Amino acid sequence: MQPEESKNGPAVEYLLKEVSFSTCDNKFFGELEKEMLIPNNVNVYGKIRGATNLRDYVVRLEFPSETAIGYIKQPLSNAMEGEGRVLIYKLEDVINFDDYWWLPLKGETEFSVRLNLLPPFPELKPVGLQISCQPDVAVGLEADITTKIGIEAEEDVDQMSLKVSAPMRAMPGIFIAISGFSDDNITEPRQSVVSPKNEFPTPVLGLRRGQALDFKVKTRITADPSNMVFLKCEQDILTAKLLVLSNSTPAGLPCRVTILDNKGFEVPIQRTVRSTILQATAQVMYSPFSIHREASSGKPEALLQSPAQ
């Protein structure tokens with residue numbers, strides 16, 4: 001049934017539909033192509049106000065028929081209806097009691113439903129994300145790597161936020177920091193950079209379909225062999241996390257969301273936002289030592305290791 005308009009009845013103040021993407025093991029070597037990011041989680045969050053009793057209310061999630069779902073919390077029902085798969089949860093079972101800030105507020109609460117996506121994966125990316133590291137093989141006590149990050153909108157995007165972080169704790173004897181960023185003037189090494197800047201009000205960073213943005217991040221690896229206890233060739237150098245937000249509707253992707261009261265009427269949803277998170281960690285081959293051949297008279301050549309200058 002259509003939403004019952006009532007000033008005294010409950011309403012969903014906001015509904016957030018979030019899809020997260022990553023590579024199979026959340027890492028890639030040297031170059032990331034947009035096809036390598038696959039969706040793995042769907043999270044639905046909502047804030048309800050004006051409620052006095054939510055007994056016998058249900059949350060109904062309707063996915064396209066080709067979507068395979070794995071759920072963490074058992075739904076009340078899981079069935080095919082027409083051309084879609086429908087999951088139904090009791091609203092009381094998915095109220096978020098872990099975040100307790102709303103407990104003293106009269107008539108307000110939050111709910112969340114967390115699901116896993118299984119192959120075959122639907123196409124849900126609003127943007128394409130590509131990353132490449134040059135060089136992808138580095139040696140020396142100090143080595144600089146330039147990472148190019150390309151973002152292209154496949155649909156209109158209202159807001160984006162990019163965060164790039166160097167590992168806080170690399171292996172013993174190795175320190176990794178960001179020494180340059182195309183969207184900021186860096187004078188000292190940092191562990192993370194963001195675009196747009198963290199300030200309030202937040203600067204708008206949106207894209208129209210077909211538009212693109214490019215970023216460059218310079219990462220410096222510094223090694224102290226005297227403090228190293230082992231040698232690991234594959235080295236994480238940075239993690240890129242892109243958050244994409246767009247205004248949406250309760251019926252929009254990735255699933256139609258409906259809240260029904262105990263009489264079967266829809267609870268009004270005032271605002272819906274679609275959130276997409278794309279995240280991956282870049283790896284390169286790195287060694288503080290260079291390798292060269294040294295020949296001595298009457299003896300076979302041997303491979304020796306020495307610190308690169």
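Reply: Lys-34 has a relative accessible area of 28%, so this residue is partly exposed; the class runs between buried (under 20%) and exposed (over 50%), with a 1.4 Å probe and protein chains only. This is a predicted model, where local features need pLDDT of at least 70, side-chain atom pairs count only at pLDDT 80 or more, and totals for chains, interfaces and linings use all residues. Residues are numbered from 1 along each chain as its sequence is written, and side-chain values use heavy atoms, with hydrogens and water left out.

Me: Which residue forms a salt bridge with Lys-34?
Reply: A salt bridge needs a side-chain nitrogen of Lys or Arg within 4 Å of a carboxyl oxygen of Asp or Glu. For Lys-34 the closest N and O atoms are 3.7 Å apart, and the partner is Glu-154.

Me: How many residues apart in sequence are the parts that this pair ties together?
Reply: Lys-34 lies in the loop between strand E3 (31-32) and strand E4 (38-49). Glu-154 lies in the loop between strand E12 (142-153) and strand E13 (159-165). Strands here are DSSP runs (E, at least two residues), numbered from the N terminus. The pair therefore ties together parts separated in sequence by 120 residues.

Me: Which residue forms a salt bridge with Arg-190?
Reply: Arg-190 is partly exposed, at 30% relative accessibility. In its salt bridge the closest N and O atoms are 3.0 Å apart, and the partner is Asp-184.

Me: Is Phe-181 buried or exposed, and how are the rings of Phe-181 and Phe-215 arranged?
Reply: Phe-181 is buried, as is Phe-215. Rings of Phe, Tyr and Trp (its six-membered ring) pair if their centres lie within 6.5 Å; planes under 30 degrees apart count as stacked, over 60 as edge-to-face and the rest as tilted. Here the centres are 6.0 Å apart and the planes stand at 15 degrees, so the pair is stacked.

Me: Where is Tyr-100?
Reply: At 60% relative accessibility, Tyr-100 counts as exposed. With Phe-97 and Leu-103, Tyr-100 forms a nonpolar surface patch of about 390 Å² accessible area together. Patches take residues with over 30% relative accessible area and no salt bridge; like charges are joined within 9 Å, nonpolar side chains (Val, Leu, Ile, Met, Phe, Trp, Tyr) within 5 Å. Tyr-100 sits in the loop between strand E8 (84-90) and strand E9 (109-118).

Me: Which residues form the negative surface patch?
Reply: One member, Asp-136, is partly exposed at 31% relative accessibility. The patch consists of Glu-31, Glu-33, Glu-35 and Asp-136.

Key: Areas by Shrake-Rupley, 256 points an atom, 1.4 Å probe, with all protein chains shown as cover. Lys, Arg positive; Asp, Glu negative; His and termini not counted. Charge placed at Lys NZ, Arg CZ, Asp CG, Glu CD. Helix = DSSP H or I, 4+ residues; strand = E, 2+ residues; numbered from the N terminus.
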